[in-house]
Amino acid sequence: MSRIGNKIINIPAGVTIDVNAGNLVTVKGPKGTLSQQVDQDIIIEIEENVLTVKRPTEQKRHKAMHGLYRSLINNMVVGVSEGFVKNLEIIGVGYKAANQGNILELSLGYSHAIFMAIPEEVKITTAMEKGKNPMVNLESIDKQLIGQVAAKIKSLRPVEPYKGKGVRFVGEQVRRKAGKAGGKK
């Protein structure tokens, strides 16, 4: 029994969902439009302001797709109505972040600056306040894309466990190690 797939999706005011004959789901809302191709076997029903995703059989393949497509459609509905935000902080002496349009410039302790092109669908802002760590804020309606961009930025300088330097999500807990001096007794 799929617990995620059986949950209903409430459609907020201002959001419209269209399902064409080829099972292409298009979600339109105040923040934009997203579309997702759904497998032909999965049944999508819209009644009033509620969307349900159903599977035709109890095959393992259908069970797997049932929860997947329900989650993807729910993420699209949330994205076009509220949007998604990811906040990254850069910890380290001399580490900097700046952006010009959708080009992100990072100084992460390497001998060169890193320039990264951010997709047009993602809105990026950077903040460098005195006495605080540089911040990179990402906003988008596409949850998958914003997660992928945030993961790529994090991978440029992963957090190291000794001093905690690197790129991390705001509020992320990093397991610290004692180091050389901590091992002696």
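Guide: What follows is a conversation about terms and the values behind them. This is a predicted model, in which local features need pLDDT of at least 70, side-chain atom pairs count only at pLDDT 80 or more, and totals for chains, interfaces and linings use all residues. Residues are numbered from 1 along each chain as its sequence is written, and side-chain values use heavy atoms, with hydrogens and water left out.

Visitor: Why is Arg175 called exposed?

Guide: A residue is exposed over 50% relative accessible area, buried under 20%, and partly exposed in between, with a 1.4 Å probe and protein chains only. Arg175 has a relative accessibility of 70%, and therefore counts as exposed. Arg175 belongs to the segment after E13.

Visitor: What makes Asn23 buried or exposed?

Guide: The value for Asn23 is 9% relative accessibility, so Asn23 counts as buried. Asn23 sits in the loop between strand E2 (16–19) and strand E3 (24–29); helices (H or I, at least four residues) and strands (E, at least two) are DSSP runs, numbered from the N terminus. The phi of Asn23 is near 65 degrees, a positive value in a residue other than glycine.

Visitor: What makes Glu48 buried or exposed?

Guide: Glu48 stands at 79% relative accessibility and therefore counts as exposed. Its place is the loop between strand E5 (43–47) and strand E6 (50–54). Glu48 also has a positive phi, of about 55 degrees, although it is not a glycine.

Visitor: How do you know that the length of helix H3 agrees with its number of residues?

Guide: The expected span of a helix is 1.5 Å times one less than its number of residues. Helix H3 (residues 143–156) has 14 residues and should therefore span 20 Å; its end C-alpha atoms are 21 Å apart, which agrees.

Visitor: Which residues of H3 are buried, and why are they said to line one face?

Guide: They are Leu145, Ile146, Val149, Ala150, Ile153 and Leu156. Seen down the axis of H3, these buried residues fall within an arc of 130 degrees, so they line one face of the helix. The arc is that of the directions from the helix axis to the C-beta atoms. The face turned away from the buried side carries the exposed residues Gln144 and Gln148.

Visitor: What covers the buried residues of H3?

Guide: The cover includes strands E7 (84–91), E9 (103–107), E10 (114–117), E12 (135–140) and E13 (166–169).

Visitor: What makes a group of residues a nonpolar core?

Guide: A nonpolar core is a set of buried Ala, Val, Leu, Ile, Met, Phe, Trp, Tyr and Cys residues joined through side-chain atoms within 4.5 Å. The largest such core here has 22 residues, and those with the most contacts inside it are Leu106, Val136, Leu138 and Ile153. Its largest share, 6 residues, comes from H3. A second, separate core of 19 residues includes Val15, Val53, Met76 and Val77.

Visitor: Which residues does Leu138 touch?

Guide: Contact means heavy atoms within 4.5 Å. Not counting residues up to four places away in sequence, Leu138 touches several residues, among them Phe84, Val85, Leu88, Ile146, Val149, Ala150 and Ile153.
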